[in-house]
Amino acid sequence: MGFVSTKELLTIRNLRTSFRIKDTFYPAVDDVSLTLRKNEILAIVGESGCGKSTLATSIVGLHNSIHTKVEGEILYNNQNLANLTEVQFNKLRGNDIGFIFQDPLSALNPLMRIGEQIAEGLIYHTKLNKKQREARVLELLEQVGISNASRVANQFPHQLSGGMRQRVMIAIALSGKPAIIVADEPTTALDVTIQAQILDLLKSLQDEIQSGIILITHDLGVVAEIADRVAVMYAGEIIEEAPVIELFRNPKHPYTRSLLNSIPQTHSENEKLEIIQGMVPSLMKLPREGCRFSSRVPWLDESVHEKNPKLHEVGPGHLVRCTCWQHFYFEDKEGSVNG
Amino acid sequence: MANKNKKTVENFKSESSPPTGIQVVLREFKKDKLAMFSFLGIIALMVAVFVIASWIIDKEAVMKINLIERFTEPGVSGYILGADEAGRDMFGQLIIGAKNSLLIAIAITILANVVGITLGIIMGYYGGFIDNFFMRIIDFFITLPTLMIIIVVVTIVPKYGITELIFIIAAFQWMSTARLVRSKALSEARRDYISASKTMGTSDFAIMFKGLLPNLSSLLIVEVTLNFAGNVGIETGLSFLGFGLPPSTPSLGTLISYAMNPIILSSKWWIWLPASILILVLMLGINYVGQALRRSADAKQRLG
């Protein structure tokens, strides 16, 4: 694990991203505060519909200002990204912030050659001429582990394999040597062996360019492997935040513990897959007060939840929302507090 | 290094890969002999018309009135296709007319489609208010009786020639393209690769015309081809009705409109028939080509 600087690179304060549904704005990301430091991998985990991707796209400003409201502060270099205009944002995107998409096939333009797509960012952010750009493209392709770079640069996305496409995506994100890389589930669309390669690649490249990575994922295996710090999101809120080792050794919030509990264990004799009851409440039906997780732990007494759950510091860098974790037990193991 | 790169490129070419772009179109044309024939025919016809009309025929000589040679039959005294009521050479008029008609159709197609595609992409890309605003304008234009307005404008405008006609017709031709492009651009612009381009700091303009436009090309090629066939027809129709070009400027439409005279229609066939056949052949041919292109753009309909 590389040296994580203490300097804050990106500070998110009270970020609220709301979508308009029939003239009412419903927050999908609600009051999220996070910091990202240099050379750090911050993982954001949570199940589908928790607002992870919305958080990611808010950082790079991909939201349509008519249908989506982004409030709060996303501070980078004394600039609040939440208030930038498109033109101002275009100076940052691709240069200071790189974005890696989930599905590389749909995120690559099917009718542009790989080389052109990687060069796209270079055209807008550097003064390199065509020859120099071509050289840089080949360099980038080799950097992400593509062996015959000159051939691949002339190919179209459909001619590449899934792993190669994701490598190309990473090359595109890296083209401007960004200080921040936002990776939105970069390994979800890939098979397991390729996942490991891509993660290794991401990690080694990070060591090289010392950027901070925000890694959005729902795969706790990925988190354990490369993250430095983890924030667990549930229903638009961060419910637990801790250094990775602390989170896996000492999970506090019922949701985190349920998530960890539901990882299938190959050596376990228990054939039943552990699940979390119910599902994430939809955006419009989300309770706006009280503990948002309470509907999924109905066996707990109402009184264990806070009225207005806040993040409480329970250890160095370890934050937990609500007080219900102190009283939580798994339903089928009634009475045992440790689960 | 350069040599080695060249080699790898060549190696790659020998590998099998699914047919792309032009290969699909070629296969489709090989399967569809009629489309192939039409395509080659139209190209040959257009080249011939432009070459003969521009360099071989003297326009002044063709349009000179010579009443002695009035209604000369085809083949007599050097008139390949005979002469009209003013003794003007019909073959020369046919070629010049075809050139004018084709030029007008090409100009209208380019003008209307440039406007339509640009607007369509902007509407589809931005969506929301901009989309709504322009769609209402298009709705308004579509409800207008195009032919009536063109006829009125033609009557009002005092100096009136090929350029004016092109602009007037084009003004009523861009809406369908704009609507079609918009509908495809709407779905295409919501794809991840457009967002990916945004995350690279690419400006909206560059995304629209360098990223999005090529992805609409299969649709556009078909649309433009079929539009072209339609535009040949529109110009001809207007001229036939007497609202197109003045008689001093021959076009296929003005030639066909001679058939409005019953005597010419019944006994002087050489004056109107060649132009009619040329129009028929042109429009059929362009349509066959357009259909072959449409099939190659849609994998479900392909023959090849």
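User: What makes the crossing of helix 7 of chain A and helix 8 of chain A right-handed or left-handed?

Analyst: In this predicted model, the crossing of the two helices is right-handed. A crossing gets that name if the near helix is turned clockwise from the far one by less than a right angle, and is left-handed if anticlockwise. Helices here are DSSP runs (H or I, at least four residues), and strands are E runs of at least two, numbered from the N terminus.

User: Why are helix 7 of chain A and helix 8 of chain A called roughly parallel?

Analyst: The axes of helix 7 (residues 162-174) and helix 8 (residues 192-209) of chain A come within 10 Å and cross at roughly 20°. Angles under 35 degrees count as roughly parallel, over 145 as roughly antiparallel, 65 to 115 as roughly perpendicular and the rest as oblique. The two helices are therefore roughly parallel to each other.

User: Which residues make the contact?

Analyst: Helix 7 of chain A brings Gly163(A), Gln166(A), Arg167(A), Ile170(A) and Leu174(A). Among the partners from helix 8 of chain A are Ile194(A), Leu201(A) and Ile209(A). Contact means heavy atoms within 4.5 Å. By class, there are eight nonpolar, three polar and one charged residues; Gly counts as polar, and Arg as charged.

User: What is the volume of the largest pocket, and what lines it?

Analyst: The largest pocket has a volume of about 1,100 Å³. A pocket is an open set with protein on both sides within 12 Å along at least five of seven lines, and lining residues have an atom within 4 Å of a point. The largest pocket has 37 of them, with Leu62(A), His63(A), Asn64(A), Ser65(A) and Lys198(B) nearest its centre. They divide into 15 nonpolar, 14 polar and eight charged.

User: How are residues numbered, and which ones count?

Analyst: Residues are numbered from 1 along each chain as its sequence is written, and chains are lettered from A in the order in which they are written. Local features need pLDDT of at least 70 and side-chain atom pairs 80 or more, while totals for chains, interfaces and linings use all residues.

Note on methods: Side-chain values use heavy atoms; hydrogens and water are left out. Axes are lines fitted to C-alpha atoms, for helices over the stretch in contact, and angles run from 0 to 180 degrees between N-to-C directions. On a 1 Å grid over the protein atoms alone, a cavity is a set of points where a 1.4 Å probe fits but cannot get out, and a pocket is an open set with protein on both sides within 12 Å along at least five of seven lines; lining residues have an atom within 4 Å of a point. Grid points are joined across faces, edges and corners, and a volume is the space filled by probe spheres set on the points.
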